[in-house]
Amino acid sequence: MKVLATYNIKGGVGKTATAVNLAHVAAAHGNRVLVWDLDPQGAATFYFRVKPKVKGGGKAIVRGSLELGDAIKATDFDNLDLVPADFSYRHLDLWLDDAKKPLARIRRALRQVSDEYDYVFLDCPPSISLTSESVFRAADALLVPTIPTTLSLRTYEQLDRFVEENPDMVRELKILGFFSMVDRHKRLHRRFMNELRTAHPEILEATIPNSTDIERMGVHREPIGAYGKGSKPARAYEALWSEIQNRL
Amino acid sequence: MGKVRRYEVTAAGDFASVLAVLTDHLGLRLLSHDEGERSWLDTSTGTLGRAETTLEFRRPTGDATPSLTWACEGRVLVSDPCVSSTPPVQASDLPATPAFARLVALVDGGELVLGPTVSSQIAVLACLDDEEKTTARVVFDRSETLDGVALPMMLEVLPLRGYEDDAAALEKKLKRSVALSASSASMKELALRGVRSGHGASSGHDSAALVPSMSAAGAWRAVFQNLSESMTRSFSGVLSGNDPEDLHAFRVAVRRIRTILQDGDDVIDPESRDRFRHEYRWLGDVTTPTRDADVHLIEFPELVATLPSSRREELAAFNDVLLRHRTDCQAAMVAELRSLRRAEFGTAWLSFLADDDSWTGCGEVADEPVLRVVLMRVNKANRQFVKSGRKISKKSPAIALHELRKEGKRLRYLLECFGPLFDEKALASILKPLRELQDVLGEFQDTEVQAHALLDLAGELASGEDHSALMAIGGVIEQLGVRGADARASFSKTFGRFDDRKVQKAFDRLEPRKKKR
């Protein structure tokens, strides 16, 4: 089982769209996939039309008194399940802080379902916190959607530095950055992409375009592959998934 | 995760009308509705089946691309288009996707063998909650073998993980709206039986989906449902009268139902049992003259062939008499089968089968495990049969053999209808000599009946001037007498083979041995 976390310190960069769409692509290829919506806003949960409620409470999962498997809900798509968000996740940092070995909590919870899934996508809230550190410990790779702007460049480098400076905490964690919400008509986007690729050649080739098709996920409440199969953004996620698999 | 629940749709109606109930009345959303052929594949050693998975090659009607679907307990693991228009043979022929890679590993170099092929209409429906999220799926499946034998319509409820309560609520609604009976057999298993028997999954001897732990009432009900399906399938053919096999199949189902009703004391509600025994007896009786007429027509050429060639032509006129007689019988039978009595009885019977309340607390042993109840009844029937058989001597009247034949039928139908419950080897070692014995008794009975019937019908010729034909019929009746005498002469030996110690000991082994862990 590979654990992939969609993560960025900055919000609004396409983390949830990435988790939902890549999970859908992976499942459509016949992989057994789980999405764990760790963001109290519950956008991934909303996209899958699941009610944002964990029976027994998210806290119980983190504490280990509730099996992660008991909180799993099937989505409408074959091989694709979800651990829904719970608004109480806004206290996740506090729960982890109270717990013994907080950094191992998410990983331990995931271990319970390791035989059931090929890939787990963790949709993380933006920020660097105890939650994100626990995610870093659990994940095999961080998928970092990055908008080609100055601010995004800065946050990408912040994350890169953090991982570099904390080798004990993150262990074998791979950072897989890619450009998200790209508008190729904007000269600024093209320039920043070139600059960032020069500075960070490890950034993935596949890019996700800025597209109203992706925004319409909120209207359709399903992954783009379900309502816009073959569209440019759907193909972009397919290409991204293919590249990620090669890097893992 | 909730288990897939399978039901046989026993409601009267075709695929479209049941589908309309599911969508319009129950508000299920139709996700897909496909028609075409599908074949099940497995390795020669049944690797996929043992892993509780199925691999289906689907060839849709029209130009659509064939697909391969690998599923586990009704849940699709992967479904991909198949480049080839023929089913894969080697694991390497499977699509190169991660899921199929798991299948390749499971098959482990083995070849894929083509299993049963059926023609299907499959509708997949979703039960939605107030967010329009699917909480359960329903697969409604109507299939028939490639030689046109309809399999029972099946309905599967697939609970989705985390929504098991919603699926249970849906099941309750379904049971209230559509006549269903629980089934443990998948469509693949039904197809396999249907293709093997060539008579559809429900018309065969061992067709009911039975397990030893079922309640007696549940098992009786399942057997009745299967036999009723068989009757339904042949009914239109019986009315048209084009193929004598339809009437034969119909009558076999009726006789089996009568036997199972007879042995249903303390399992079935006594009032219903009495009523339906009476009605089925009537149904059997109204079809008997036509069946006898069919037999005369079928066997007459063979009988005529035993006469000297000079006498054969003299019987051409009698063949016309037989045809006229058959037409009259058919017309009388159709009138009865279209009568109000038949309609009311048919409706009452189907309602009885569909109504759960009719099968709850309906008899002293109704809730006991079926195997125990059936074994007691089989042993009782066998004791009675053997006792009567031993009394038969050369001097016994024909009626004694006729009564013995009926007792043998009772035993045989009990064994065949509840066959899936028994140890296969023990059952086979009993059924073989029993069927041989029944053939002998049948031959004796048939020749007697035919001789009498031909004699009666010959009266029509006697009124004319063609005495040579009458003489020829005398020859035919004589031949029948010879055959009957031969059958009677072989009775003792054939009965001895059934009354053999080894065969009788096999009754003690009918209860399947528990598998060692």
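**Helix packing in chain B**

Guide: Helix H6 (residues 216-240) of chain B and helix H7 (residues 244-262) of chain B have axes that come within 8 Å and cross at roughly 155°. This is a predicted model: local features need pLDDT of at least 70, side-chain atom pairs count only at pLDDT 80 or more, and totals for chains, interfaces and linings use all residues. Residues are numbered from 1 along each chain as its sequence is written, while chains are lettered from A and ligands numbered from 1 in the order in which they are written.

Axes are lines fitted to C-alpha atoms, for helices over the stretch in contact, and angles run from 0 to 180 degrees between N-to-C directions. Helices (H or I, at least four residues) and strands (E, at least two) are DSSP runs, numbered from the N terminus.

H6(B) and H7(B) are therefore roughly antiparallel (over 145 degrees; under 35 is roughly parallel, 65 to 115 roughly perpendicular, the rest oblique). Their crossing is left-handed (the near helix is turned anticlockwise from the far one by less than a right angle; clockwise is right-handed).

Contact means C-beta atoms, placed from the backbone, within 7 Å. On the H6(B) side, the contact residues include B:Trp220, B:Phe224, B:Leu227 and B:Phe235. On the H7(B) side, they include B:Leu247, B:Phe250, B:Val254 and B:Ile257. By class, the contact has 14 nonpolar, three polar and two charged residues. Ala, Val, Leu, Ile, Met, Phe, Trp, Tyr, Cys and Pro count as nonpolar, Asp, Glu, Lys and Arg as charged, and the others, Gly among them, as polar.

Now a second pair. Helix H12 (residues 370-391) of chain B and helix H13 (residues 398-417) of chain B have axes that come within 9 Å and cross at roughly 155°. That makes H12(B) roughly antiparallel to H13(B). The crossing of H12(B) with H13(B) is left-handed. H12(B) contributes residues including B:Val374, B:Arg377, B:Gln384 and B:Phe385. H13(B) answers with residues including B:Glu403, B:Glu407, B:Arg410 and B:Leu414. This contact has eight nonpolar, five polar and four charged residues.

One last stop is in chain A. A:Asp123 is found in strand S5 (residues 119-123) of chain A. A:Asp123 is buried, with 29 other C-beta atoms within 10 Å (20 or more is buried, 12 or fewer exposed, in between partly exposed; C-beta atoms are placed from the backbone). A:Asp37 is 86 residues apart from A:Asp123 along the chain, yet their C-alpha atoms are separated by 5.0 Å.

Terms used
Contact = placed C-beta atoms within 7 Å.
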